[in-house]
Amino acid sequence: METGFLSPDYVFESSWEVCNKVGGIYTVLSTRAKTLQDALHDRIIFIGPDLAEANSLYFNEDRSLFVEWREQALKEGLAVRVGRWKVPGEPVSILVDFTQYFKDKNDIYTKLWELYQVDSLHAYGDYDEASMFSYGAAKVVESFYKFYLDASARVIYHGNEWMTGLGLLYINEKLPQVATIFTTHATSIGRSIAGNNKPLYDYLFAYNGDQMAWELNMQSKHSIEKQTAKYVDCFTTVSEITANECKELLDKQVDFVLPNGFEDDFVPKGAQFTRKRNLARIRMFEVANALLGVEFDDKETLVVSTSGRYEFRNKGVDVYIEAMNRLLRDSRLHKKVLAFIDVPGWVGEPRQDLIDRLKSGKTFDTPLHVPMITHWLHNMSHDNVLDMLKYLDMQNRKDDNVKLIFLPSYLNGTDGIFNMKYYDLVLGNDLCIYPSYYEPWGYTPLEAIAFKVPCITSDLAGFGLWANSEIGHPGEIIDGVKVIHRTDYNYSEVADRIKETVSDYSNFTPAEVKKSRDNAEKLSKKALWSNFIKYYYEAYDFALRRAEERKCKKQEAGN
């Protein structure tokens, strides 16, 4: 820990994504784990939901850990599994079975209203599930604390996202000597405003979070998030852009911005990097040939992609497609472009006709039927990507200089077509493009540049703003990251900037390509956890001092 800071004796950190790979928060926690484990040596304990099958890839149960406490927890009616998270550092993790609390949820919600005015009346969907997990996680911390610790220990309970709010408020009431930290990675109401095609940024100052929650049927999620932010010892978020959102929509200024770092231990080095990059490009060209009936020359083809959750507008998938469409008619384009959309959709099954072609080992000069998608969807006639391609008449015709392929499956190594993991495929790109409209941070561009793949992003992404500040000016592609200025209303200009950047890159000399790739890698090193963990130590110190003040006031009142 940093000198001069109050250091925690124990940190409990909860999230729905502990040992449960869902999205970006998994990356935040799993890559940060080793840095904290090195500092705290098994006194950083992660708490996640016990989801059996979902946990099996990421969790190793270890019955030798906390044997006496587990017996006590069982007597108290807690259903837990204790073990280690299968990530670097292998931190202790406790998975809690929260299903037993559903029968008590009305009483739990009533208490929450009485103590903190949290409105759970409008709960639906994942609100109940998340809240019961959060309650269970807090009960675990309470039990562990009472068994092993006392008021002399400096203890932190850190919850991520609204899904852990109920537990943070429970700890706030039951264990006031424990310092609480709440991190919102994106406000539920901000994401909803953006996802419902409403202008978020120009009108942010005028939006009333409570009113918008009512309008968008988000009252309960917004309420738990707002009240948790209000009552915890330390309220944090991941970027300045989201900090502004919190101030306007949750009526609470954040105490700290905790930018998302990462570890680059998943990036291959030297000859292995070159081999993996070559394998990725070979596989992409094989799939493209089998699907499109076109052969691609490695040296004369730019491979580009976008990826992330299927948030069509928020992630900028719409403007990416528009840019590729405009690129079709760009006379400055010096190479063919093979563009991928690696965004998991409502996938049905891998295409058997494509599998058959790939198995044959042959090359093809005729396309398959529907030559723009690798897997069949359950909703082929109501899919945003396919609808936009149809509207723009982008059919991957033989003479088109830009071919666009939708890969709607998770790249976990068993998708049936590529059968490669995302990290093994992304390094085959020449450019990655993430022109997000709503992106509190943005791991995908950070991962891309770690693999020496220059990327295009926007200044509505926390990562884009960070890149600009590190570069010292709005990033250009030669810097490794092109940061496009994006607003509520400049969609067309953004599409043009993407198109122009890809065209420019297609005309780069080998020396310019090398410089861009080297700059991308150098920038990624500045986002390692070794550089960013100091912000967490500041937050820990802040929260612990608040808890100390509370303890002193209580002692004074007792005298």
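Colleague: Hi! Where is asparagine 217 in this one?
Modeller: Asparagine 217 sits in the loop between helix 7 (209–215) and helix 8 (219–231). Keep in mind as we go that this is a predicted model.

Colleague: Good to know. What is phi of asparagine 217 near?
Modeller: Phi is near 60° there, a positive value in a residue other than glycine.

Colleague: And how does asparagine 217 count in terms of accessibility?
Modeller: Asparagine 217 counts as partly exposed, because its relative accessibility is 39%.

Colleague: Which residue has a positive phi of about 50°?
Modeller: That is phenylalanine 66, which is not a glycine either. Phenylalanine 66 lies in the loop between strand 3 and helix 2.

Colleague: Is phenylalanine 66 buried or exposed?
Modeller: Phenylalanine 66 counts as buried, because its relative accessibility is 16% and the cut-off for buried is under 20%.

Colleague: Let's talk rings. How many aromatic pairs does a search of the whole structure find?
Modeller: The search finds 40 aromatic pairs. One of them joins phenylalanine 66 and phenylalanine 144 edge-to-face, at 5.0 Å centre to centre and with 85° between the planes.

Colleague: Which parts of the chain does that pair link?
Modeller: The pair links distant parts: phenylalanine 66 is in the loop between strand 3 (59–61) and helix 2 (67–75), while phenylalanine 144 is in helix 4, and the two are 78 residues apart. Phenylalanine 144 counts as buried, because its relative accessibility is 0%.

Colleague: What about phenylalanine 340 and phenylalanine 418, how do they pair?
Modeller: Phenylalanine 340 and phenylalanine 418 also form an edge-to-face pair, 6.0 Å centre to centre with 75° between the planes.

Colleague: Why does that pair tie together parts that are apart in sequence?
Modeller: Phenylalanine 340 lies in strand 11 (residues 336–342) and phenylalanine 418 in the loop between strand 14 (402–407) and helix 14 (422–426), so the pair ties together parts 78 residues apart in sequence. Both phenylalanine 340 and phenylalanine 418 are buried.

Colleague: Which residues do ring pairs link into a cluster?
Modeller: Ring pairs link Tyr10, Phe12, Phe66, Trp69, Phe144, Phe147 and Tyr148 into a cluster.

Colleague: Now charges over rings. Which ring does arginine 313 lie over?
Modeller: Arginine 313 lies over the face of tyrosine 437, 3.9 Å from the ring centre. Elsewhere, arginine 357 has its charged end over the ring of phenylalanine 364, at 4.3 Å from the centre.

Colleague: Changing topic: at what angle do helix 4 and helix 5 pack?
Modeller: Helix 4 (residues 126–148) and helix 5 (residues 165–174) pack at about 35°, and their axes are 7 Å apart. The crossing is right-handed.

Colleague: Which residues meet there?
Modeller: From helix 4 the contact includes Ser131, Tyr135 and Val141, and from helix 5 it includes Leu166, Tyr170 and Ile171. The contact residues divide into six nonpolar, four polar and three charged.

Colleague: Last one: where is arginine 517?
Modeller: Arginine 517 is in helix 18 (residues 510–525). Arginine 517 is buried, because its relative accessible area is 12%.

Colleague: What does arginine 517 touch?
Modeller: Leaving out residues up to four places away in sequence, arginine 517 touches Phe273, Arg277, Asn429, Phe451, Lys452, Val453, Pro454 and Tyr505.

Colleague: And what separates the C-alpha atoms of arginine 517 and tyrosine 170?
Modeller: Those C-alpha atoms are separated by 48 Å, and the two residues are 347 residues apart along the chain.

How values were computed. Residues numbered from 1 in each chain as written. Predicted model: local features only at pLDDT ≥ 70, side-chain atom pairs only at ≥ 80, totals over all residues. Heavy atoms only, no water. Helix = DSSP H or I, 4+ residues; strand = E, 2+ residues; numbered from the N terminus. Buried < 20%, exposed > 50% of the residue type's maximum accessible area, 1.4 Å probe, protein only. Contact = heavy atoms within 4.5 Å. Axes fitted to C-alpha atoms, helices over the stretch in contact; angles between N-to-C directions. Left-handed = near helix turned anticlockwise from the far one by under 90°. Nonpolar A, V, L, I, M, F, W, Y, C, P; charged D, E, K, R; others polar. Phe/Tyr/Trp six-rings, centres within 6.5 Å; stacked < 30°, edge-to-face > 60°. Lys NZ or Arg CZ within 6 Å of the ring centre and 35° of its normal.
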